[in-house]
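Have a look at it first, and then we'll go through it piece by piece.

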Amino acid sequence: MSMQSPARIAFSPRRVFAIVLRHWYLLSSSWPRVLDLIYWPAVQMLMWGFLQQYVSQNSGFFANAAGTFIGAVMLWDILFRGQLGFSISFLEEMYARNLGNLMMSPLRPAEFVTALMIQSVIRLSIGMVPVSLLAIAFFDFNLWGLGLALAVFFMNLLLTSWAIGILVAGILLRHGLGAENMAWSFMFLFLPLTCVYYPVDVLPSWLQVFAWMLPPTYVFEGMRALLIDHVFRADLMVQAFALNAVLFAGGVIGFLLFLKSARREGTLLQGGD
Amino acid sequence: MLAPATEFPIAVDRLVKLYKTVTAVEGISFSIEAGSCVGLLGGNGAGKTTTISTIMGLVEPTSGKVTVLGAAMPRQRHRVLHRINFESPYVNMPMRLTVRQNMNVFGMLYGCQDVAGRMRALADELDLHEFLDRQTGKLSSGQKTRVALAKSLINQPEILLLDEPTASLDPDTADWVRGRLERYRRERGATVLLASHNMSEVERLCDRVIMLKSGRIEDDDTPARLIARYGRSNLEEVFLDIARGTGEAREAAR
């Protein structure tokens, strides 16, 4: 049998593809999993959309700020679902007791993480594309109409979601399924702090310092500037990218430290609580 | 650079593993010759899984050295992991995936160039054809074991690590699995390290047995010599002597 020489391959796209394929097989064999990807984003978008309609009928400001709530909830979903897509794909390996198989295979941590990042985009697309079309149908809000700005927002939010997803994966490796709740709740700390639905000015001044340390804050401020003032704030996006680079590096370092600790404590085979 | 080449595919040198205050393995040393099958025996908590996990690169030694195919584990594991494989009750194949899908994924992970060809060969060898397109979770225990065995042979490993390979199987299926393992080792010249509680299995498959107790090697010899030395009629009785601490007295009395 002919074999590649994986020993010489520091990063193998084929191994990355193998993991993406494994998760694609899983998704395509389970309609409840697919439905779950669409269900909550759709419910959230509809709820905030109707709220915005109601508020804008009674407030001149909100009438002029059309789409800020729906835009905010959809961008929040990119951030939250991006991280969840990463973390759930990782958790699926733990639920299936397959993590040991992967850890003892030639798969490298960088390949595993890359595959999970691709998987998070796939899961996000399955959820967000239908919801964005629903937003057009129900509220005449076209997320795609944001054009280049949407691409920049998307990349920034995705980078943050991956950084958190990578860090949470490290915690799960080290502490097993006992830390599962982190995967579901970690990002909610970002909800009040990154000012998804209100401007940063609303926060007490001491809290604003922390808010400006988080890349999504710049994205949500940028979104409001675009929808309300019709200005694309490139300066905010540059700062968001810079902070994301730091956050992503921190996530990767955290993951590697947790992985090393898991190898020291012998928790890689267990995966339980 | 790989660690200095050793004639032994597996070499464990003064391995110590502490988990906080618990000593799982306490300074054990052994090496395994190429093409041999060695049994690692011991009661629960004897240190078998820790030893095997360290050899696989899943656990970092507190001190001592583990070398596999010349690579120091776990630091240099990526140089040799494609030449090793394992089967363990601690892991499962993804249950929702069909057997064919699982084989496809693991074939790619282990660097098989002709995954379909390798899958066909394994399906012939291990009689998998009838359930290749069924979900792995819907198979019987015996069928799942055959699939796990197929996964462990997908890369034609030079070293095969087996942790309880026939646990929960009926005697007929267990015998069938042992036959396949013997054949693979004979044909491929693979080195096999087997942890098992099934003494007749160890007697049949292993050229040599390492007895562990409380993280230390209590004895190390061929099954026949151990049985003779302890004055017993089978390996199970030797195991009980060692586990209960009566072996030493018995040997001394002789």
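## A buried alanine

A:A135 is buried, having 25 other C-beta atoms within 10 Å. Buried here means 20 or more other C-beta atoms within 10 Å of a residue's own, exposed means 12 or fewer, and partly exposed is in between, with C-beta atoms placed from the backbone. A:A135 belongs to helix α6 of chain A, residues 109-139. Helices are DSSP runs of H or I with at least four residues, strands are runs of E with at least two, and both are numbered from the N terminus.

Who are the neighbours? Skipping those within four places in sequence, A:A135 is in contact with A:M45, A:G49, A:I70, A:M74, A:F141 and A:L143; contact means that the C-beta atoms, placed from the backbone, lie within 7 Å. A:P41 is 94 residues away from A:A135 in sequence, yet the two C-alpha atoms are 11 Å apart in space.

## About the model

This is a predicted model, where local features need pLDDT of at least 70 and side-chain atom pairs count only at pLDDT 80 or more, while totals for chains, interfaces and linings use all residues. Residues are numbered from 1 along each chain as its sequence is written, and chains are lettered from A and ligands numbered from 1 in the order in which they are written.

## Chain A as a whole

Chain A has 12 helices and 0 strands. Its radius of gyration is 20 Å, close to the 19 Å that the globule rule gives for 273 residues, so chain A is as compact as a globular protein of that length. That radius is taken over C-alpha atoms, and the rule is 2.2 Å times the number of residues to the power 0.38.

Along the principal axes, the C-alpha trace of chain A spans about 70 × 40 × 35 Å. Buried residues are 46% of its 273.

## Chain B and a covered strand

Chain B brings 9 helices and 10 strands. Of its 254 residues, 49% are buried.

Take strand β3 of chain B, residues 37-41: 5 of its 5 residues are buried. B:C37, B:G39 and B:L41 point one way, with B:V38 and B:L40 pointing the other. In a regular strand, side chains alternate between the two faces of the sheet.

Which strands pair with β3(B)? Among them is β8(B), residues 191-195, parallel over 4 bridges, where B:V38 has B:L193 as its bridge partner. Another is β9(B), residues 208-213, also parallel over 4 bridges, and there B:L41 is partnered by B:M211. Pairing requires that DSSP finds at least two bridges between the strands.

Key:
Two residues are in contact if their C-beta atoms, placed from the backbone, lie within 7 Å.
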